[in-house]
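Here is a friendly briefing to read alongside the model.

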Amino acid sequence: LMIRRPPRSTPLYSSAASDVYKRQPHNTEGTYWLPKGVNGATAGTDTMFYAVLAMSFFFFFGICGATIYFVIKYRHRPGHKAQPSASHNDVMEITWTVIPSLICVFLFIYGWRGYVHGATPPQKAVEVQVLAYRWGWNFTHNNGVQDSDLHVPVNVPVRLVMTAKDVLHSFFVPVLRSKQDLVPRRYTYTWFEATKPGTYRLYCTEYCGRDHSQMKVKFVVHATGGYERYLAEKEAATRTLPPVELGKSLYEKKGCNACHSLDGSPRVGPSFKGTFGTKVTLASGAVVDMDETYIRTALLAPAAQSRPGFAPSMPSFEGQLKEAEIMGLIEFIKSLK
Ligand code: CUA
């Protein structure tokens, strides 16, 4: 399997997003094994992880050590005869039954308790609707605000109602110790209570196709009051924007910026700059006008207009864009002279 990296000069994020990563490159707190967890709902999982890790080390090195020791001690040498092995030893057999049984019971009880706690969201939780698609995320908040990054309040339980548009994806935020598949045509749930404001990373952790690795976005935990501000600002921004501005905000919000640049450089898809009003050649060889109809088709039925030199990986936004939003995107692309 060949995995090609994009060249260094191709930014994977919009400049705004990469600035955040520059300021907060990683959650640097934590250990060699795990970043510091910030989820009040999964407080016990780290203890479980370290307990299983310690036991794995203990038994791995213990068993390997004993094996090597016995292989050397009882190796075949001239003058030594094989000893008949003992057929039975009560003390040993009880020991190797009772100790692993106790370990299993301990692991089961703590694992079960953690699982039930993690699978049962509290009644009073902020709900966010999550739609995953190839290759991005759409988070819809209670007031209708949509975003391609996940924003949540600190110290408040958050419940995610999740589904996928096309294939299996999986929600994974390492600092939350939380992982849940998103399945087309059905809903799955997860919940958490973030305990520390900051900008963390959210990944897709189910291989879902060529740009699976592009499904890493920001997970922003707002300090008290910040979440409400974020919702109000976002809402106001989409309500009063002129079409070009609306299109620009959708360009970022819907994740167009991951594949289409504004400076003329090709990424996964062609750049938007200076394309409106030109003639473009399709993969079929046809030459068409890059006009309003072209953009509308590109948004709703992109497969019909794939372009030579670019993989036909653009997702359809059919059913996800209002008429005014389609118009906004058209006007925005038109404005990029
Ligand atoms: Cu979506 Cu991997």
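Strand S4 (residues 150-153) is covered on both faces: Leu-150 and Val-152 on one side, and His-151 and Pro-153 on the other, are all buried, where buried means under 20% relative accessible area, exposed over 50% and partly exposed in between (1.4 Å probe, protein chains only). In a regular strand the side chains alternate between the two faces of the sheet. Please keep in mind that this is a predicted model, in which local features need pLDDT of at least 70 and side-chain atom pairs count only at pLDDT 80 or more, while totals for chains, interfaces and linings use all residues. Residues are numbered from 1 along each chain as its sequence is written, and side-chain values use heavy atoms, with hydrogens and water left out.

**Strands and sheet**

- S4 and strand S10 (residues 217-222) run parallel and are joined by four bridges; strands and helices here are DSSP runs numbered from the N terminus (strands E, at least two residues; helices H or I, at least four).
- Five strands make up an open sheet with mixed pairing, in the order S3-S2-S1-S5-S8; two strands pair if DSSP finds at least two bridges between them.
- Strand S3 (146-147) and strand S8 (188-193) are the edge strands, each pairing on one side only.
- Strand S5 (residues 157-164) runs antiparallel to S8, with six bridges joining them, and Val-161 stands opposite Tyr-189 in S8.

**Helix packing**

- Helix H5 (residues 243-253) packs against helix H7 (residues 323-335) at an angle of about 95°, with the axes 7 Å apart; axes are lines fitted to C-alpha atoms, for helices over the stretch in contact, and angles run from 0 to 180 degrees between N-to-C directions.
- H5 and H7 are therefore roughly perpendicular to each other (65 to 115 degrees; under 35 is roughly parallel, over 145 roughly antiparallel and the rest oblique).
- From H5, residues including Pro-243, Leu-246, Leu-250 and Tyr-251 take part, meeting a set in H7 that includes Ala-324, Met-327, Leu-329 and Phe-332; contact means heavy atoms within 4.5 Å.
- The residues of this contact of H5 with H7 divide into nine nonpolar, three polar and three charged (Ala, Val, Leu, Ile, Met, Phe, Trp, Tyr, Cys and Pro count as nonpolar, Asp, Glu, Lys and Arg as charged, and the others, Gly among them, as polar).

**Aromatic pairs**

- The whole structure holds 20 aromatic pairs, counting rings of Phe, Tyr and Trp (its six-membered ring) with centres within 6.5 Å; planes under 30 degrees apart are stacked, over 60 edge-to-face and the rest tilted.
- Phe-58 and Phe-59 form an edge-to-face pair, 5.2 Å centre to centre with 80° between the planes.
- Phe-58 counts as exposed at 59% relative accessibility, and Phe-59 as partly exposed at 39%.
- The pair of Phe-106 and Tyr-110 is tilted, because the ring centres are 5.0 Å apart and the planes lie at 45°.
- Phe-106 and Tyr-110 both sit in helix H3 (residues 90-119), four residues apart, about one turn of the helix.
- Ring pairs also link Tyr-32, Trp-33, Phe-57, Phe-60 and Phe-61 into a cluster.

**A buried loop residue**

- Ala-41 lies in the loop between helix H1 (15-23) and helix H2 (45-73), and is buried with a relative accessible area of 6%.
- Not counting residues up to four places away in sequence, Ala-41 touches His-117, Trp-191, Phe-192 and Glu-193.
- The C-alpha atoms of Ala-41 and Gly-114 are separated by 8.7 Å, although these residues are 73 apart along the chain.
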